[in-house]
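These are my notebook entries on one protein chain. I set down what I looked up, entry by entry.

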Amino acid sequence: MNIYAIGDLHLSGQSPKPMDIFGDQWADHWPRIREIWQLTVSEDDVVLIPGDISWAMHLIDARCDLMAIGELPGHKIIMRGNHDYWWGSLSQVQSALPPRMHALQNNSFVFGDYVIGGTRGWLCPGNHYFSLDSDQKIYLREAGRLELSLSHARRQAPNARLIGMIHYPPTDQSGTPTLFTDIFEKYGAETVVYGHLHAGSIRSALNGTLRGVHYKLVSCDAIGFQPVKIV
């Protein structure tokens, strides 16, 4: 079993949205991802998808994108990104998922020697756009959700190797401690994958080991539109 990751698929099967408005590299990005995925990933592998899955506004409209992902090989673990407005309650999302696709929200999943947990995350204090009035409450809530997920992971599989997922960057490029990094360290995460960053932000993203945890940006344009092997 291999574990891969690829985030920020930004699919729009119900109401097609041209992604090349964000750069030529996005032209026909889904057929390219799908082709490489089919050549790379086996049925026993796991693919982590840390958010921004579909541009749909409602779950019924996101179903075609979820089905398209579900047709590809491997088990898939998805989480909500900042553009996944279609994501409702966990039970609603789970009821819409095809077989071998799992929604990560306050829970965790065990595959072999590995356990996977995480949360969407949010802007961190110190970010230029962070506001105490509008962001602090969400930041604290998401940290609480991360704690719930990773504590669930450790109850399920105390000795498993922990892989974390988060949509937003869990810290800045300098690795400043945040509640998110503190919690990943507390529970002994080996690797954390995240997305959200695109274009020029990719160059300054954190990719590497920080206080014992390896962080990897896996937004699809940061990894050449192909699933990247984590383990």
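**Entry 1**

I began with Arg211, which I found in the loop between β9 and β10. I kept in mind that the model is a predicted one. Arg211 has a positive phi of about 50 degrees, although it is not a glycine. I noted this because most residues other than glycine have a negative phi. Is Arg211 buried, exposed or partly exposed? Its relative accessibility is 41%, so Arg211 counts as partly exposed.

I then looked up Phe225, in the loop between β10 and β11 (228-229). Phe225 is not a glycine either, and its phi is positive at about 60 degrees. Phe225 has a relative accessible area of 4%, which means that it is buried.

**Entry 2: The sheet**

β9 and β10 (residues 213-217) run antiparallel and are joined by three bridges.

In what order do the strands of the open sheet lie? I read the order of its six strands as β5-β6-β7-β8-β10-β9, with mixed pairing. β5 (108-111) and β9 (208-210) are the edge strands, and each of them pairs on one side only. On average, neighbouring strands of this sheet are turned by 25 degrees against each other, direction ignored.

**Entry 3: Two helices on the sheet**

I looked up which strands the helices touch. α4 lies across β5, β6 (114-119) and β7 (161-166), and runs at about 165 degrees to β6. α5 packs on the sheet as well, where it touches β7, β8 (189-194) and β10. The direction of α5 makes about 165 degrees with that of β7.

I then compared the helices with each other. The axes of α4 (residues 136-156) and α5 (residues 179-186) come within 9 Å and cross at roughly 10 degrees. Angles under 35 degrees count as roughly parallel, and α4 and α5 are therefore roughly parallel to each other. Where they meet, α4 contributes residues including Tyr139, Leu146 and Leu150, while α5 contributes residues including Leu179, Phe180 and Ile183. The residues of this contact divide into nine nonpolar, no polar and three charged.

**Entry 4: The nonpolar cores**

Which members of the largest nonpolar core touch the most other members? This core has 46 residues, and I listed Trp37, Leu48, Ile69, Ile77, Ile78 and Trp86 as those members. Another core lies apart from it, with 30 residues, among them Leu162, Ala189, Tyr194 and Ala205. In soluble globular proteins, nonpolar side chains tend to be buried together.

Leaving aside neighbours within four places in sequence, I found Leu48 in contact with residues including Ile3, Tyr4, Ile77, Ile163 and Val193.

**Entry 5: Two buried loop residues**

Ser12 has its place in the loop between β1 (3-5) and α1 (29-40). Ser12 has a relative accessible area of 16%; the limit for buried is under 20%, so Ser12 is buried. Beyond four places in sequence, Ser12 is in contact with Lys17, Trp55 and Asp65.

Gly74 is in the loop between α2 (59-70) and β3 (75-78). Its relative accessibility is 0%, so Gly74 counts as buried. Beyond four places in sequence, Gly74 is in contact with Val41, Ser42, Glu43, Asp45 and Arg100. I also noted that Gly74 and Val47 are 27 residues apart in sequence, but 6.6 Å apart in space, C-alpha to C-alpha.

Key
Residues are numbered from 1 along each chain as its sequence is written. This is a predicted model: local features need pLDDT of at least 70, side-chain atom pairs count only at pLDDT 80 or more; totals for chains, interfaces and linings use all residues. Side-chain values use heavy atoms; hydrogens and water are left out. A nonpolar core is a set of buried Ala, Val, Leu, Ile, Met, Phe, Trp, Tyr and Cys residues joined through side-chain atoms within 4.5 Å. Buried means under 20% relative accessible area, exposed over 50%, partly exposed in between (1.4 Å probe, protein chains only). Contact means heavy atoms within 4.5 Å. Helices (H or I, at least four residues) and strands (E, at least two) are DSSP runs, numbered from the N terminus. Axes are lines fitted to C-alpha atoms, for helices over the stretch in contact, and angles run from 0 to 180 degrees between N-to-C directions. Angles under 35 degrees count as roughly parallel, over 145 as roughly antiparallel, 65 to 115 as roughly perpendicular and the rest as oblique. Ala, Val, Leu, Ile, Met, Phe, Trp, Tyr, Cys and Pro count as nonpolar, Asp, Glu, Lys and Arg as charged, and the others, Gly among them, as polar. Two strands pair if DSSP finds at least two bridges between them.
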